[in-house]
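Please consult the sequence and the structure shown below while reading.

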Amino acid sequence: MGTVNPPAVGATTEAEDVVWLRLDTALGAVARREAARLAHRVGMSADRVAEVELGVTEAATNLQKHARDGALALRVVTLPDRAAVELLSLDSGPGISDLRSALLDGTSSSGTLGVGMGAIARSADAFDVYSVAGSGTTLLARFWSVREDDGSAGPEPAVAGLTRPISGETVCGDSWSARTDLAEGGPVVTAMLCDGLGHGPLAALAGERARAAFRANAHRSPQEILRAMHLQLKGTRGAAVSVARADFTRGTVENCGVGNISACVVNGDKRQGLLSLPGIVGHQMPAPRSFQGRLDPGAVLVLHSDGLSDRWSPADFPGLFRRRPSTIAGHILAQAGVRRDDAGILVARAATP
């Protein structure tokens, strides 16, 4: 479930509009409608739309039956040659004590016919589920617009991010973008996370400007990218920004950050923080400076805004950092996104065979 293959060389992925649906009695119907809308948007066939609708409805039903609190996140994910509808189901507990049994059809802890997770896993091109008993569960399902004849799901992004606006807003001031290249035969991920000051449309404008500057300069060094963003963000509210370059072959990471973005490398049950400088990109920015860190085999790079508490520990999530980047991002946001603010997180990890 945790296999990650590198995307196309030079591929850029970035923040998408996310439809957040809170747990309530109408969740199933609303989720089904939104999923169908996104599936039609990427040109899925009628049969494929029906598979997406089934998977999303089953996920909504599971939340309603089992979760104390939770939400569904729906979005379109694009790569240079394909697009998908992605579902994340996030809850705060009670967790699943026996995942293997939960994935078997006919298994249910509520006395109903337990076909939910099995049905989702069969219809999705990419499926992952992570749960900590007594805590919470994150379920990922990705449906590519066209399935391969041989059943292959195609290349998986080695980097993923997730944003969630503050309650009451429909746009988010947190944003991200990432580019994957090859250097000496291995992947190099250049990633950016931006937290536009405040929230609402003006904060979102800063995020849009940051993404545009990143797209135009992602081939440059983190310091040069940050300087370009500073120019683009003038006239906006400004932002906290972190730009990191992770070379998974050499085992090195370089981070250039200004403002309150948390950047760290997770290796096993330990995390190493990457420093940033005080200031506001677009307003009062110090001379950009990079700080170095190591990427041991299996290490994961995590960037997140202060909409997430920085008190989480990898030891709280055993096995999580061997999962897909989307699963990691979703679970940390669900568990640490406790502040009343926009929230954004980006996760990058090396490809695994």
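In which hand, left or right, does H1 pass H2 in their crossing? The crossing is right-handed, a term used when the near helix is turned clockwise from the far one by less than a right angle, left-handed being the anticlockwise case.

## Basis of the description

The model is predicted, and local features need pLDDT of at least 70, side-chain atom pairs count only at pLDDT 80 or more, and totals for chains, interfaces and linings use all residues. Residues are numbered from 1 along each chain as its sequence is written, and side-chain values use heavy atoms, with hydrogens and water left out.

## Overall composition

The protein chain has 7 helices and 16 strands; these are DSSP runs numbered from the N terminus, helices (H or I) having at least four residues and strands (E) at least two. Of the 353 residues in the chain, 57% are buried (buried means under 20% relative accessible area, exposed over 50%, partly exposed in between, with a 1.4 Å probe and protein chains only). Among contacts (heavy atoms within 4.5 Å) with a separation of 6 or more, 69% join residues 24 or more positions apart.

## Packing of H1 and H2

Helix H1 (residues 27-41) and helix H2 (residues 46-66) have axes that come within 8 Å and cross at roughly 150°. Axes are lines fitted to C-alpha atoms, for helices over the stretch in contact, and angles run from 0 to 180 degrees between N-to-C directions. Because of this crossing angle, H1 is roughly antiparallel to H2 (angles over 145 degrees count as roughly antiparallel, under 35 as roughly parallel, 65 to 115 as roughly perpendicular and the rest as oblique).

On the H1 side the contact is made by Leu 27, Gly 28, Ala 31, Arg 32, Ala 35, Ala 36, Ala 39 and His 40, and on the H2 side by Val 49, Val 52, Glu 53, Val 56, Thr 57, Ala 60, Leu 63 and Gln 64. By class, this contact of H1 with H2 has 10 nonpolar, 4 polar and 2 charged residues; Ala, Val, Leu, Ile, Met, Phe, Trp, Tyr, Cys and Pro count as nonpolar, Asp, Glu, Lys and Arg as charged, and the others, Gly among them, as polar.

## Nonpolar cores

The largest nonpolar core has 31 residues, and those with the most contacts inside it are Met 44, Val 56, Leu 72, Leu 74, Leu 87 and Leu 139. Such a core is a set of buried Ala, Val, Leu, Ile, Met, Phe, Trp, Tyr and Cys residues joined through side-chain atoms within 4.5 Å. Elements that each supply at least two residues of this core include H1, H2, strand E3 (70-79) and strand E4 (82-91). A second, separate core of 27 residues includes Leu 88, Leu 308, Leu 320 and Phe 321.

## Packing of H5 and H6

The axes of H5 and H6 come within 9 Å and cross at roughly 140°, which means that H5 is oblique to H6. In this contact, Arg 209, Ala 210, Ala 213, Phe 214 and Asn 217 of H5 meet Ile 225, Ala 228, Met 229 and Gln 232 of H6.

## Two individual positions

Val 77 lies in strand E3 and is buried, at 7% relative accessibility. Val 77 touches residues including Glu 16, Arg 82 and Trp 144.

Gly 273, in strand E13 (residues 270-273), is exposed, with a relative accessible area of 53%. Gly 273 and Ala 263 are 10 residues apart in sequence and 6.0 Å apart in space, C-alpha to C-alpha.

Terms used:
Lists of a residue's contacts leave out its neighbours within four places in sequence.
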